[in-house]
Amino acid sequence: MLKLLAYLALSAVGITMLLPFAWMISTSLKAPANAVEFPPRWIPSEPETVQVAGEDRLIAEVTGEPGLRVALLRYSPEGVRVQILSPASRAGEQLTLSEADLRPVRQTKLHWGNYLAAWRAHGIQVREAFFGLAHRVHGFLVFYLNSIIVTTCITIGTVFTSSLAAFAFARLRFPGRDSIFLGYLATLMVPSIVIMLPVYALLSSLGMTNTYAALIFPPMFSAYGTFLLRQFFMTIPRDLEDAAVIDGASPFAVYRHIILPLSKPALATLTTFVFLHSWNDFLWPLMVVDRLALKTLPIGLAHFQDSYTTEYHLLMAASVIVMVPVLIVFMIGQRYFVRGIALSGMKG
Amino acid sequence: MTQLTPRAAPARRPRGRAFLQALPFLLPNLLGFLLFTLLPVLACFALSLADYRLAPITSFHDLQEQVRFVGFDNFVRLLGWHREAGRLVANDALFWRYLGNTLFLMLGIPLSIAGSILLAGLLNQRLRGITIFRTIYFLPTVSSAVAVVIVWKWIFHQQPNEIGLLNSFLTTLGMSHPPNWLGSMTWAKPAFIIMTLWATVGGYNCVLYLAGLQGIPQELYEAADLDGAGVWARFRHITWPLLSPTTFFVVTMSVIAGLQGSFLFTAAFLMTGGGPAGATTTLMLYIYNYAISWHQLGYAAAIACVLFLLVFGFTLLNWRYGQRLVHYQ
């Protein structure tokens, strides 16, 4: 009984969580005319039509007469003139019915073409050479490639440089180590806009906005990665490396052959975190990029929204296009992600 | 510690050599960190003392032209008051209004935290398929904020001939005039709170609480059962006190995140443009507008500094007084 209640509560919340996503997908598959409907329809469907004497006519069923299907011919003061389609015995017969008795027949129709239309949308077409591609490139292709380039560089850069630095903080002794690490820690609390403004000022006075470098390098060196990995490296017992060091292993060999292999979960956690964060990042790209050819997916989608404000079927299709890869990465990296939250959270 | 350290007596090793040895590990990250994180923080304070109109700088002369040291003028303009027709008026009334908006939108935080605890409690049961629910609850957190905001704009939608999902639902329930969520001064903020609640309730906080719950020894509950404690008593005297370290962390992080409001920035930027009539403009959006739209970086930096001080002040207070409420096992 208690179990059943728990399932009910869990499902109620789960459905609430999923509704906006379902609505997004549902709208993305509708015909433009059906995107705005009252009452809202979850399964996209359209009125079924049939050709009668060369013209498209709506099909309806009649209340109280099961099996009867009619084509609507015209409206008149007495009611609706209809022609019977089935049963076959009465096909072709015409009669007048009250409008209240007619229920239009709808058929499910999914407009997958909306995705193609969003992908190819004219308003976001990039009209300049893009990596040797043609002079007109579909917007979302450009945004995707940019997001992949930027996110990959940031992720590799962050994981590589912060694992090296974290090793130094966790395992080497050098003058000033603890004060430098304190400097790292102190910046964790600083609102990101405080850091972004001067960097933006610097980049724009050097004329370096609208470059890949501006998108990639500034987000790469937050203290977070170094902090997370240093905390993890501290938990690895030192006995393991003592033997290696006595045998004359260099610090780099210890880092490469002992620490890194033992830290795979922490590295995977950081990778997932950084990937998701930079893939979804909105504010920084928005500040430093306004050329269409350099936009990443989030700001590209925002641009798309500007151009197609009222075309909900396209907007929703575009949103799905942007969202899908993240969800796939999350499904794969979920384990590490959840562990990472617990790891970094409890240490803070 | 020392006996674990290899190459005995590291203290006698020349300090310079130790530093040189660490340098290749440290350098790539440290340089980037200095250039793109630590120095910018200091530069932001410097910038807040200047009048800086944005334009490309090609020579030292340009720099002198564009950057004018103005002392605390920006802060006086931002935080100060003056007399107008015998009444005290804030120099920048909008700042106070947007600070108010930011704080108002943070009212969702306690609701979100309470929801997270409840969800974590539900998720902490040994039931089949529980990970599926956990994944679903977490989806909004990993989804692109832009996409999430766009679909919510569509859900809140209300035009003379078109109504969005939420108002269709409310109409079906019998409400004849459902609110025009994003178009109304009264309802825009509650709409933002509802959306934020949806986006955060199953996210980081819930995962943290789940971890916290799993750390509570089961024997405590068994003992409470023997004493005949009810559900509420168990929660009040075992769960809540033992979760207090988690709550301390969660509250700290949520308030900091709320003051920064990067999700709310995205929402305001894409849904309402900060409107109607500034009802959803947060401090972040105000800073962005000054910096990017109005090219007044000095003033933007001053607002950012105030935001920083707010975060810092809160953290300090929380650390000093909030800690007392924390019960460590």
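## Chain B as a whole

Of the 329 residues in chain B, 37% are buried. The model is a predicted one, and the description below applies to that prediction.

The secondary structure of chain B consists of 16 helices and 4 strands. Chain B is more spread out than a compact globule, because its radius of gyration is 26 Å, well over the 20 Å that the globule rule gives for 329 residues. The C-alpha trace of chain B spans about 80 × 80 × 40 Å along its principal axes. Among the contacts in chain B with a separation of 6 or more, 64% are between residues 24 or more positions apart.

## Where the two chains meet

## The domains of chain A

Chain A is split into domain 1, covering residues 2–34, domain 2, covering 45–108, and domain 3, covering 118–347. Between the C-alpha centres of domain 1 and domain 3 of chain A the distance is 31 Å.

These two domains of chain A also touch: 6 residues of domain 1 are in contact with 7 residues of domain 3. The side of domain 1 of chain A that faces this contact with domain 3 has 3 nonpolar residues, 2 polar residues and 1 charged residue.

Most residues other than glycine have a negative phi. Two residues of this model are described here against that background.

In chain A, Asn210(A) is not a glycine, yet has a positive phi of about 60°. Where in chain A is Asn210(A) placed? Asn210(A) sits in the loop that joins helix 5 (192–205) to helix 6 (212–216) of chain A. Asn210(A) counts as partly exposed because 15 other C-beta atoms lie within 10 Å, a number that falls between the cut-offs of 12 or fewer for exposed and 20 or more for buried.

In chain B, Ala85(B) is not a glycine either, and has a positive phi of about 50°. The loop between strand 3 (81–84) and strand 4 (87–90) of chain B holds Ala85(B). Is Ala85(B) buried or exposed? With 5 other C-beta atoms within 10 Å, Ala85(B) is exposed.

Technical notes. Residues numbered from 1 in each chain as written. Chains lettered and ligands numbered in written order. Predicted model: local features only at pLDDT ≥ 70, side-chain atom pairs only at ≥ 80, totals over all residues. Helix = DSSP H or I, 4+ residues; strand = E, 2+ residues; numbered from the N terminus. Rg over C-alpha atoms; globule rule 2.2 N^0.38 Å. Domains from an automatic or database assignment. Nonpolar A, V, L, I, M, F, W, Y, C, P; charged D, E, K, R; others polar.
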